[in-house]
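Dear colleague,

Please find below the sequence and structure that I am handing over to you. My notes on what was found follow directly after them.

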Amino acid sequence: MKEGVAVPADELVITWEGQPVRVTVVGEIDLATREQFKQALARMLGADGDTRLDLRGVPFMDTHSVTAVVHCAERLHREGGRLIVEHPPSSLVRVFQILWADQNGSRLHIAGERDEQ
């Protein structure tokens, strides 16, 4: 990680900040960490207004986890909120845009896309 944070391969570091809800994730989201990530997404449900998911510390996210993010965004939208995904890898942005297009960002909004070198 750029900040020098070392995260074991089978572990995520998930931090929460108050209102509005902001969840920051560090580590790879794969088979070993998927359930931990899904539990964090489930805790986001019911939040009022915009909920932020910061992925700047996530180098990899598997397709099941991408789908879980989209489902979380859809549920938050039904509850009157919106999910803002911050700093995802550009490869994930393309997946979100191609498979789950939302022209006005009312369900899932991407903010601060990372450049991948």
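**A charged network and a nonpolar core**

At 8% relative accessibility, Glu86 counts as buried, where buried means under 20% relative accessible area, exposed over 50%, and partly exposed in between (1.4 Å probe, protein chains only). Please note that this is a predicted model, in which local features need pLDDT of at least 70 and side-chain atom pairs count only at pLDDT 80 or more, while totals for chains, interfaces and linings use all residues. Residues are numbered from 1 along each chain as its sequence is written, and side-chain values use heavy atoms, with hydrogens and water left out.

The side chain of Glu86 forms a salt bridge with that of Arg22 (2.7 Å, N to O); the term denotes a side-chain nitrogen of Lys or Arg within 4 Å of a carboxyl oxygen of Asp or Glu. Since Arg22 belongs to strand S2 and Glu86 to strand S4 (residues 82–86), this pair ties together parts that are 64 residues apart in sequence. Helices (H or I, at least four residues) and strands (E, at least two) are DSSP runs, numbered from the N terminus. Arg22 is also buried, with a relative accessible area of 19%.

Arg22 has a further salt bridge, to the side chain of Asp54 (3.1 Å, N to O). Here strand S2 (residues 22–26) holds Arg22 and strand S3 (residues 50–57) holds Asp54, so the pair ties together parts that are 32 residues apart in sequence. Asp54 is buried at a relative accessible area of 3%, whereas Arg56, at 40%, is partly exposed. The side chains of Asp54 and Arg56 likewise meet in a salt bridge (3.1 Å, N to O). Through shared partners, salt bridges join Arg22, Arg52, Asp54, Arg56 and Glu86 into one network. A search of the whole structure finds 7 salt bridges.

I turn now to the nonpolar core, defined as a set of buried Ala, Val, Leu, Ile, Met, Phe, Trp, Tyr and Cys residues joined through side-chain atoms within 4.5 Å. The largest such core has 25 residues, of which Val25, Phe37, Leu41, Leu53, Met61, Val69 and Leu83 touch the most other members. At least two residues of this core come from each of S2, helix H1 (34–44), S3, helix H2 (63–78), S4 and helix H3 (90–99). H2 gives the most, with 7 residues. Leaving aside its neighbours within four places in sequence, Met61 is in contact (heavy atoms within 4.5 Å) with Ile29, Phe37, Leu55, Val66, Val69 and Leu92.

Yours sincerely
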